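Subject: Structure for you to look over

Hello,

Please find below the structure I said I would pass on. My notes on it follow.

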Amino acid sequence: MSATDQRRIVIAGGGTAGWMTAAALARLASPHWQVTLIESEEIGTVGVGEATIPMVRLFNQTLGIDEAQFLRETHGTWKLGIAFEGWGGFDDRYIHGFGLTGRSLGVLPFHHYWLRGRAHGLAGPLGEYVLNAVASDANKFAHIDRPQGSALPPMPYAYHFDASLYAAFLRRYAEGRGVRRIEGRIVGFDRDVLNGNLAALRLERGDVIDGDLFVDCSGFRSLLLGQEMGVGYLDWSQWLKCDRAVAVPCDRAEPLVPYTRSIAQPAGWCWRIPLQHRTGNGHVFCSDLMSEDEATARLIGRLDGEQLADPRTIRFKAGRREKFWERNVVAIGLSSGFIEPLESTSIHLIQTAISRLVDFMPNGPVHDADRDAYNRLAAFEIERIRDFVILHYVANGRHGEPFWDSLRQMEAAGQLPDALGERLAMFRASGRIVREHDELFDVPGWVQVMIGQGVVPARWHPLADQVAPESLKAFLDTVRGAYEKDVARMPSHAEYVSHVCGQVPAHA
């Protein structure tokens with residue numbers, strides 16, 4: 001680190017990752033740190049409209065951001081989960097809803113009782129016992145405050161919003177708290193000849209930006225960590241075969257649903273992200289099996305409203321950097337790795353990387369033990385998310401399509417990541433899921449996706465047999481009925497958005 005009293009953090013790149021990092025550091029970092037962000041208006045960002053998971057609320061709350069103002073300025077809506085259409089079979093649909101599955105009874109998770117009830121004809125589809133799924137199917141939403149001891153579960157939620165507007169919102173926040181923004185294109189680097197650390201960034205117009213700690217938010221290019229520091233990339237395309245996405249906005253569709261749609265296609269899937277002023281649409285696909293022209297035509301031919309812009313193509317390779325922190329360079333966002341947006345985890349990975357960076361913020365020279373711990377935690381997190389995304393592809397029911405057939409066969413061929421193969425085998429045998437350490441997706445999430453896509457255990461926990469059949473039926477009926485009544489009292493999602501945010505904005 002420098003010998004001056006004020007240490008310097010330099011963020012390379014703006015967009016969602018850069019401005020989330022800048023805003024968080026402006027709020028949380030020591031006043032002894034000076035934060036500078038470099039970005040070029042000439043270089044575009046990937047942001048096409050974002051879907052998130054509930055932890056983003058914690059990020060906004062930590063920054064002290066008012067939710068209503070945030071939603072108005074980003075044209076956002078609320079999100080209760082993801083509807084997967086055509087994944088378990090060509091005509092199947094299920095919702096992976098945030099929050100609990102059913103309600104626990106004794107020491108067992110709800111799904112063991114549901115499995116027994118299903119086997120005896122006493123239970124309906126699993127989604128009828130997930131509050132967020134019930135509300136999603138009814139297109140309802142409201143903030144819920146439960147009294148202490150309530151038998152009803154919370155209804156966690158996330159957001160859909162315009163990524164470009166979110167970055168602009170956070171830029172205003174960060175600059176208002178002392179972050180310095182420099183316009184310019186990075187064209188070179190200076191290294192410390194003694195230790196190999198990055199010493200400065202050189203801009204096209206001749207500026208030299210010195211720093212002590214550099215944060216790479218340069219997107220897929222990974223200018224600092226990948227190109228300059230030479231950190232390699234671990235390719236996961238043997239499991240995640242999609243490598244392209246075409247994105248295009250259209251007019252807002254009705255009704256305004258409180259969930260993301262994920263619609264399976266012959267060689268990938270399409271997303272629908274409902275915003276206040278428009279719908280974000282995209283087609284993620286495997287370029288080995290579908291041309292860009294065909295993927296674009298499929299996307300445009302299925303829009304729910306008038307097309308508002310030309311299609312954009314995004315090329316990517318699923319995987320991660322071998323390290324996330326090398327010497328004095330930390331990568332956050334796409335520069336560190338990428339998992340396709342199937343479960344809306346991109347912003348979450350930015351958020352957790354920022355949190356780790358704050359935890360490991362150096363107060364002097366960076367020690368190898370700190371970097372090693374940071375890299376180990378980051379690798380575990382993204383690899384468990386990777387496994388959860390792979391699950392959706394492996395457990396598909398789309399027979400007769402080469403893309404889906406090859407993915408489904410990976411399990412039998414023993415070609416899955418070890419942890420995922422073991423988890424699938426355990427669930428098929430006993431309905432048991434062991435959540436390790438701080439992995440993101442919890443037991444209800446894994447259960448909803450597995451059951452939703454036809455992975456049904458051969459048996460349930462023996463303790464579930466201690467409940468008499470009539471008592472089991474009464475328990476299941478009570479849970480389902482309570483959730484239906486709870487949702488019936490809620491306004492429609494569109495009504496609630498209008499109530500909180502006011503008039504729907506014009507096209508942006």
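I start with Thr101, which lies in the loop between β6 (93–97) and α4 (110–119). The model is predicted, and what follows should be read with that in mind. Thr101 counts as buried because its relative accessibility is 10%, below the 20% cut-off. Apart from neighbours within four places in sequence, Thr101 is in contact with Phe110, Leu126, Tyr129, Val130, Pro444 and Gln448.

The buried ones are Val443, Pro444, Gly445, Trp446, Val447, Gln448, Val449, Met450 and Ile451. Among the elements that cover them are β6, α4, α10 and α12 (418–430). Just after α13, Gly454 has a positive phi of about 90°.

Helix α11 (residues 402–412) can be described in the same terms. Its buried residues are Phe403, Trp404, Asp405, Leu407 and Met410. The cover over these residues includes β15 (260–265), β16 (268–274) and α10 (368–394). Just after α11, Gly414 takes a positive phi, of about 65°.

Next, the strands around β16. Seven of the seven residues of β16 are buried, so the strand is largely enclosed by the rest of the structure. The cover extends to both faces: Gly268, Cys270, Arg272 and Pro274 are buried on one side, and Trp269, Trp271 and Ile273 on the other.

What joins β16 to β15? Five bridges do, and the two strands run antiparallel. Ser262 has Trp271 in β16 as its bridge partner. β15 and β16 form a hairpin, with two residues between them. β16 is also joined to strand β17 (residues 278–285), by seven bridges and again in the antiparallel sense. Here Gly268 has Phe285 in β17 as its bridge partner. β16 and β17 form a hairpin as well, with three residues between them.

There is also an open sheet of three strands, in the order β9-β10-β11, with antiparallel pairing. Its edge strands are β9 (186–191) and β11 (208–210), each of which pairs on one side only. From one strand to the next the twist averages 25°. Strand β10 (residues 198–203) pairs with β11 over three bridges, in the antiparallel sense. Arg202 stands opposite Val208 in β11.

On nonpolar packing, the largest core has 144 residues. Those with the most contacts inside this core are Ile11, Trp78, Leu170, Ile332, Leu391 and Tyr393. α10 gives the most to this core, with 12 residues. A second, separate core has 17 residues, including Ile186, Leu201, Phe214 and Val231. As for the surroundings of Ile11, its contacts beyond four places in sequence are Gly18, Thr21, Ala22, Leu25, Val35, Thr36, Leu37, Ile38, Val215 and Cys217.

Last, Lys79. An unreviewed UniProt entry covers this residue with the annotation "active site"; that comes from the record and may be inferred rather than shown by experiment. Lys79 is in strand β4 (residues 77–79). Is Lys79 buried or exposed? It counts as buried, because its relative accessibility is 0%.

Leaving out neighbours within four places in sequence, Lys79 is in contact with Ala51, Thr52, Phe98, Tyr157, Ala158, Tyr159, His160, Pro258, Tyr259, Thr260 and Ser344. With Thr52 there is a specific pair to look at: the side chain of Lys79 reaches the backbone oxygen of Thr52 at 3.0 Å.

Regards

Notes: Residues numbered from 1 in each chain as written. Predicted model: local features only at pLDDT ≥ 70, side-chain atom pairs only at ≥ 80, totals over all residues. Heavy atoms only, no water. Helix = DSSP H or I, 4+ residues; strand = E, 2+ residues; numbered from the N terminus. Buried < 20%, exposed > 50% of the residue type's maximum accessible area, 1.4 Å probe, protein only. Contact = heavy atoms within 4.5 Å. Polar contact = N/O pair within 3.5 Å; in protein donor to acceptor, adjacent residues only side chain to side chain. Core = buried A, V, L, I, M, F, W, Y, C linked by side-chain atoms within 4.5 Å. Pairing = 2+ DSSP bridges. Axes fitted to C-alpha atoms, helices over the stretch in contact; angles between N-to-C directions.
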